Amino acid sequence: MNEIRDHNAAVWARRVAEGNRWTRPVSSEEVARARAGRPELLLTPLRPVPDAWLGALDGARVLALASAGGQQGPLLAAAGADVVVLDACAAQLARDREVADREGLSLVTEQGDMAELGVFDAGSFDLVFHPVSNCYVPDVRRVWRECFRVLRRDGTLLAGFANPDLYLFDERVEPGQPLVVEHSIPYSDWERLDPAARASRLAAGRPLEFSHTFDEQIGGQIEAGFVLEGFYEDRNDPALCPLSAHTATFFATCAVKR
Ligand SMILES: C[S@@+](CC[C@H](N)C(=O)[O-])C[C@H]1O[C@@H](n2cnc3c(N)ncnc32)[C@H](O)[C@@H]1O
């Protein structure tokens with residue numbers, strides 16, 4: 001599904017140019033706190049990842065999966081980890097290089113698809129750090145299987161993902177407007193839109209997204225072989241995400257390859 005990946009990478013390149021929140025590099029102060037052993041990491045919009053989920057980062061081999069933008073990758077590297085940031089968008093990866101050069105950090109960037117991790121051998125990583133981004137791929141079970149393969153035994157997958165209910169509503173609904181159910185779950189932009197509509201969506205800077213289901217998100221991790229050891233809910237600023245005024249809109253899981 002390279003067409004979907006390339007569409008979404010182009011949208012993220014545009015978001016880099018526009019200064020979208022998830023493309024803005026971390027500050028030197030945040031890097032200094034990470035160097036001092038206090039990295040402030042996000043898998044979901046607002047709630048920090050608990051320290052207990054991260055374990056010892058010094059010397060850990062970490063894959064920051066679909067996680068570019070000059071944020072988590074540099075903070076993990078500043079905390080002492082050997083980091084590879086994999087992302088589909090070159091402009092997003094350039095953000096990670098920018099922070100690494102600015103702060104004298106060592107990290108590797110790899111342009112690729114979160115569902116195709118064949119460049120990495122089995123058991124290459126101690127930790128996969130995967131913030132909300134699997135809404136951009138049609139087959140999330142494939143992502144979980146690949147994460148399981150590239151982790152060593154007892155390695156950890158930390159993942160954020162969206163509440164599928166977000167996709168019941170039109171994405172353009174503004175705060176204060178009524179939330180009217182327009183779609184069913186599972187929802188797929190790819191299946192709903194014809195090629196012309198997809199092209200105009202690209203021109204408008206809007207990605208192709210997939211709601212997924214809890215069967216795919218939670219059941220899929222378990223089917224891949226993971227044991228779920230941690231879970232929390234989060235929400236976004238309701239001014240950006242009106243459903244967040246009513247319910248949790250993002251979730252995070254801590255899964256271990258036992
Ligand atoms: C919301 S951003 C996540 C990164 C950000 N640092 C964060 O904290 O959320 C989503 C990322 O997914 C990437 N992406 C979209 N489709 C992808 C794919 N198929 N494979 C790898 N990365 C992809 C985008 O380029 C973007 O950098």
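Strand β2, helix α5 (residues 90–103) and strand β3 together form a right-handed β-α-β unit. Right-handed here means that, with the strands pointing away from you, the path from the first strand over the helix to the second runs clockwise. Helices (H or I, at least four residues) and strands (E, at least two) are DSSP runs, numbered from the N terminus. Keep in mind that this is a predicted model, where local features need pLDDT of at least 70, side-chain atom pairs count only at pLDDT 80 or more, and totals for chains, interfaces and linings use all residues. Residues are numbered from 1 along each chain as its sequence is written.

Let's stay with β2. Strands β2 and β3 (residues 107–111) pair in parallel over five bridges; two strands count as paired if DSSP finds at least two bridges between them. To get from β1 to β2, the chain passes through helix α4 (residues 72–78), in a right-handed β-α-β crossover.

Is β2 enclosed or in the open? Five of its six residues (82–87) are buried, so β2 is largely enclosed by the rest of the structure. Buried means 20 or more other C-beta atoms within 10 Å of a residue's own, exposed means 12 or fewer, and partly exposed is in between, with C-beta atoms placed from the backbone. Now hop to helix α8 (residues 195–203): zero of its nine residues are buried, so α8 lies largely in the open.

Last stop, the ligand: helix α1 (residues 2–18) gives the largest share of the shell around it, four residues.
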